[in-house]
Amino acid sequence: MKRLPLVILAALVVLAVVAFATGGFGLWRADDDGLTLYGNVDIREVDMAFEVGGRIDEVAVEEGERVAKGDLLAAVDPARNRDRLAQAEAQIAQAEAQLARLRNGNRPQDVAQARARVAAAEAALANARAAYTRREPLVETGAVSRNVWDQTRAELRRAEAQVAEASQAASLASAGARSEDIAAAEAQVNAARAQRAAINTDLGDTRLEAPVDGTVVTRVIEPGSLVQPGTTAFTIAIDRPLRVRAYVAEPDLSRIQPGMKVVVRADGNPKAYQGAIGYISPRAEFTPKSVETEDLRTDLVYQLRIVVSDPDEGLRQGQPVTVSVPQARAAAEG
């Protein structure tokens with residue numbers, strides 16, 4: 001009588017081994033109609049956040065609402081950035097005016113004025129030289145005192161310096177601005193324009209738009225609330241294209257290939273969805289990377305991705321599905 005439990009236990013072990021070998025307890029099953037795989041609809045989401053901070057001015061969508069790429073989700077009050085833009089426009093105008101002045105050079109009136117100063121300095125120099133020439137022989141006779149003579153020589157030197165200074169000023173007025181000054185003014189204009197471009201970018205970022213088609217699954221902001229850059233405001237589920245993630249056993253790996261047509265079914269949904277295998281993972285999962293024995297190789301599982309061609313609201317992200325590959329046996333026989 002004691003042997004009976006041992007016999008039952010042995011029978012259960014044999015049944016378990018047979019079930020595992022045929023895929024009865026796994027994520028796949030091979031049968032005469034092809035290959036049956038099991039998996040889930042991929043969960044694909046994108047978190048949306050503002051790149052600029054501020055007070056929420058408008059919220060345009062609700063949770064559960066479908067959105068298309070480019071649709072407005074929400075907007076931050078743009079007043080502050082518009083003020084910054086006006087200031088940047090004024091700085092550009094000032095920098096461009098300075099650059100134009102340097103490029104155009106001095107006005108004709110400025111050049112004429114500089115030349116008039118040269119003429120006045122030359123006239124003063126002529127008078128100083130005449131006084132010097134007239135008083136020089138009188139110094140020895142005592143007719144001109146030493147103090148007057150020293151003053152005469154000083155006035156001559158001052159007149160000569162004033163002529164040199166006025167001549168240089170007139171030359172600069174005629175030559176215009178230096179190339180280095182023009183280059184510096186051009187850099188100022190470029191910097192002001194870059195600042196305007198950055199502010200325009202910030203102004204555009206006050207509008208948060210959907211990057212893809214999808215469904216709003218999470219909304220965490222309300223009108224009037226303050227947001228910081230990078231704080232998640234919405235989560236959008238991406239359901240097109242709809243993808244299924246399934247797994248195939250290593251012994252059946254050679255029976256499938258990318259491009260094979262498949263049929264996808266979900267529990268409680270009578271519709272059979274059409275799809276195709278789009279990707280097969282090049283590496284195994286759930287087992288060590290180094291597999292040496294033939295017995296261990298039978299436990300390898302490879303992930304594959306299936307693209308459903310005719311999805312509808314009957315397939316939801318994360319939902320378990322059954323995938324039939326009717327071409328698998330024909331491929332194996334070929």
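Predicted model: local features only at pLDDT ≥ 70, side-chain atom pairs only at ≥ 80, totals over all residues.
Trainee: What share of the residues counts as buried?

Mentor: Buried means under 20% relative accessible area, exposed means over 50%, and partly exposed lies in between, with a 1.4 Å probe and protein chains only. Of the 334 residues of the chain, the share that counts as buried is 32%.

Trainee: Among contacts between residues at least 6 apart in sequence, what percentage joins residues at least 24 apart?

Mentor: A contact requires heavy atoms within 4.5 Å. For the chain, among contacts between residues at least 6 apart in sequence, the part that joins residues at least 24 apart is 76%.

Trainee: In the open sheet ordered S3-S10-S8-S5, which residue in S10 does Thr218 stand opposite?

Mentor: This open sheet of 4 strands is again described by antiparallel pairing, and its edge strands, S3 and S5 (66-67), each pair on one side only. Strand S8 (residues 214-219) and strand S10 (residues 232-237) pair in the antiparallel sense over 4 bridges. The residue in S10 that Thr218 stands opposite is Thr235.

Trainee: Which residues are linked with Arg219 in a network of salt bridges?

Mentor: A salt bridge is a side-chain nitrogen of Lys or Arg within 4 Å of a carboxyl oxygen of Asp or Glu, and by this rule the count comes to 14. The side chains of Arg219 and Glu62 meet in one of them at 2.8 Å, N to O, a pair that links distant parts of the chain, with Arg219 in strand S8 and Glu62 in the loop between S4 and S5, 157 residues apart. Arg219 also forms a salt bridge with Glu222, the closest N and O atoms being 2.7 Å apart. The residues linked with Arg219 in the network are therefore Glu62 and Glu222.

Trainee: Is Arg219 buried or exposed, and what is its relative accessibility?

Mentor: Its two partners count as partly exposed, Glu62 at 47% relative accessibility and Glu222 with a relative accessible area of 45%. Arg219 counts as buried, at a relative accessibility of 15%.

Trainee: How many residues apart in sequence are the parts that Glu89 and Arg196 tie together?

Mentor: Glu89 forms a salt bridge with Arg196, the closest N and O atoms being 3.2 Å apart. Glu89 lies in helix H2 (residues 79-104) and Arg196 in helix H5 (residues 179-204), so the separation of the parts tied together is 107 residues.

Trainee: Which side chain of opposite charge is nearest to the buried Arg44?

Mentor: Arg44 has its place in the loop between strand S2 (34-41) and strand S3 (45-49). Its side chain reaches the backbone oxygen of Pro241 at 2.7 Å, and, leaving aside neighbours within four places in sequence, Arg44 is in contact with residues including Ile236, Arg240 and Gln317. Lys and Arg count as positive and Asp and Glu as negative, with His and the chain ends not counted. Arg44 is buried yet has no salt bridge, and the nearest side chain of opposite charge, 5.6 Å away, is Asp42.

Trainee: Which residue takes a positive phi in the hairpin of S12 and S13?

Mentor: Strand S12 (residues 261-266) pairs with strand S13 (residues 273-285) in the antiparallel sense over 4 bridges, and the bridge partner of Val264 in S13 is Tyr273. S12 is also joined by 4 bridges to strand S15 (residues 320-325), running antiparallel, where Val263 stands opposite Ser324. The hairpin has 6 residues between the strands, and the residue with a positive phi, near 75°, is Gly268.

Notes
Residues numbered from 1 in each chain as written. Heavy atoms only, no water. Helix = DSSP H or I, 4+ residues; strand = E, 2+ residues; numbered from the N terminus. Polar contact = N/O pair within 3.5 Å; in protein donor to acceptor, adjacent residues only side chain to side chain. Pairing = 2+ DSSP bridges.
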